[in-house]
Amino acid sequence: MAFEVSVIIPVYNREKYLERAIASVLPFDCVKEIIVVDDGSSDTSLEISQNLALKHSKIKVLTHHNHQNKGVSASRNLGIKHAKSQYISFLDSDDYYLPNRFDAEIRLCNEIGEIDGVYGAALYCDTVTKQDTLYTIREYIEPDNLFKTLLWQDKGLFCTPTITVKKSLFDKTGYFDTKLKVAEDTDLWFRLSAYGKLHSGIINKGICFVEIHDSNSKTINSHLYDQAYKYIYNKLLHKLLFSPHISFNNKNELLIATNNYSRIFPKVYSEIGFLNKIIVKNPILAFCPFIYKKYLQLIRHK
C-alpha cells in the first residue's frame with residue numbers, strides 16, 4: 001500500500017528554528033500535509049508559518065481559539081484532529097528530519113501492508129558539549145512485547161519525532177494527556193503499544209536531529225516525574241484492566257511493573273497483597289474480570 005503521512009509541528013516562540021524544521025519535511029513525497037500549530041507565540045513564529053504556507057500548498061497553519069497558549073499536548077492533539085492522512089508523525093519546531101526519516105515506514109507498508117505504527121532513533125546533539133547521543137530502544141523488539149519493554153524502561157525509549165502512528169489508533173487510545181506536564185509522550189506510547197502493534201524501524205542511526213540548547217533544556221524536579229508516573233500507572237490500571245482488547249500477558253505485566261516500581265504505594269507487596277491494595281484504593285477494579293482470573297492463577301500456584 002502507498003504510505004502517506006501528515007506531519008504535525010507544534011510551535012511556541014521558535015522563530016530561530018522553525019523554518020529549518022519545516023524545510024526538512026518539505027522534500028518528502030509521502031508527506032501530504034505539514035500541520036503547523038502555533039501555540040500562542042509572542043514572536044514572529046506565526047508570521048513565518050503563514051508566509052511559508054503561502055509558498056507551499058502542503059503547509060497548513062492552525063491556532064488555538066483567541067490565539068491562546070495551551071501547551072504542547074493540546075497543540076499536538078489539535079493537529080491530530082485536523083490531519084487528513086492515514087498516518088501521523090510529529091516534529092518539534094526546533095528539531096529537523098534527516099533524509100531517511102520515512103524509509104522504514106515505506107518499507108514496512110510495502111512488505112506488510114497496513115501497520116499501526118513505527119518508531120526509530122533520534123540523534124541528540126548537545127550544543128554546549130558538542131556530543132551526539134543516539135536516543136532509541138537499543139534492540140529489536142517484537143511488537144507484541146513492546147508494551148512490556150516500555151513499562152520496564154530497561155532497553156531505552158523512543159521519542160516523539162521518531163514515531164509514526166495510524167490515525168485511527170488514537171480512537172482506541174485517546175490523545176496526549178493535557179493534564180501531564182512531563183512524561184506526556186511516554187504515557188501515550190504506553191497506550192499505543194498496548195492497543196496496537198508498533199514496529200521497530202531504523203534504530204541503529206538517527207532519523208531525526210534533536211538539538212539540545214539553552215531554550216529547550218531544563219532541569220525538572222524528580223518529584224514531578226514521580227507524581228506523573230503515579231498518575232500514569234493509576235490511569236493505565238483503570239483503562240487497561242477492563243479492556244477486552246488487551247492481552248492477559250500485558251495486563252499481568254502492568255500489575256507486576258506497577259508493583260515493582262511502587263509508584264502508587266510506598267512499599268512492595270506480594271502480588272495478591274498488591275491486588276488487594278489496588279482494589280481498596282480503586283474499588284471499581286473488584287468488578288474487573290482480569291482481577292478474578294489473576295486471583296485464581298495466583299491461588300493455584302501457591
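The model described here is a predicted one.

## The pocket and its lining

How many residues line the second largest pocket? The lining holds 15 residues. Those nearest the pocket's centre are Asp 144, Asn 145, Ala 194, Ser 247 and Asn 250. The volume of this pocket is about 250 Å³.

Seven of its residues are polar, four are charged and four are nonpolar.

Tyr 292 belongs to helix H11, which spans residues 289-300. Why does Tyr 292 count as partly exposed? Its relative accessibility is 47%. Exposed means over 50% and buried means under 20%, so a residue in between is partly exposed.

## Leu 54

Leu 54 sits in helix H2, made of residues 45-55. This leucine counts as exposed because its relative accessibility is 75%, and the cut-off for exposed is over 50%.

How far apart are Leu 54 and Ser 270 in space? From C-alpha to C-alpha, Leu 54 and Ser 270 are 62 Å apart. In sequence, 216 residues separate Leu 54 from Ser 270.

How values were computed:
Residues are numbered from 1 along each chain as its sequence is written. This is a predicted model: local features need pLDDT of at least 70, side-chain atom pairs count only at pLDDT 80 or more; totals for chains, interfaces and linings use all residues. Side-chain values use heavy atoms; hydrogens and water are left out. On a 1 Å grid over the protein atoms alone, a cavity is a set of points where a 1.4 Å probe fits but cannot get out, and a pocket is an open set with protein on both sides within 12 Å along at least five of seven lines; lining residues have an atom within 4 Å of a point. Grid points are joined across faces, edges and corners, and a volume is the space filled by probe spheres set on the points. Ala, Val, Leu, Ile, Met, Phe, Trp, Tyr, Cys and Pro count as nonpolar, Asp, Glu, Lys and Arg as charged, and the others, Gly among them, as polar. Helices (H or I, at least four residues) and strands (E, at least two) are DSSP runs, numbered from the N terminus. Buried means under 20% relative accessible area, exposed over 50%, partly exposed in between (1.4 Å probe, protein chains only).
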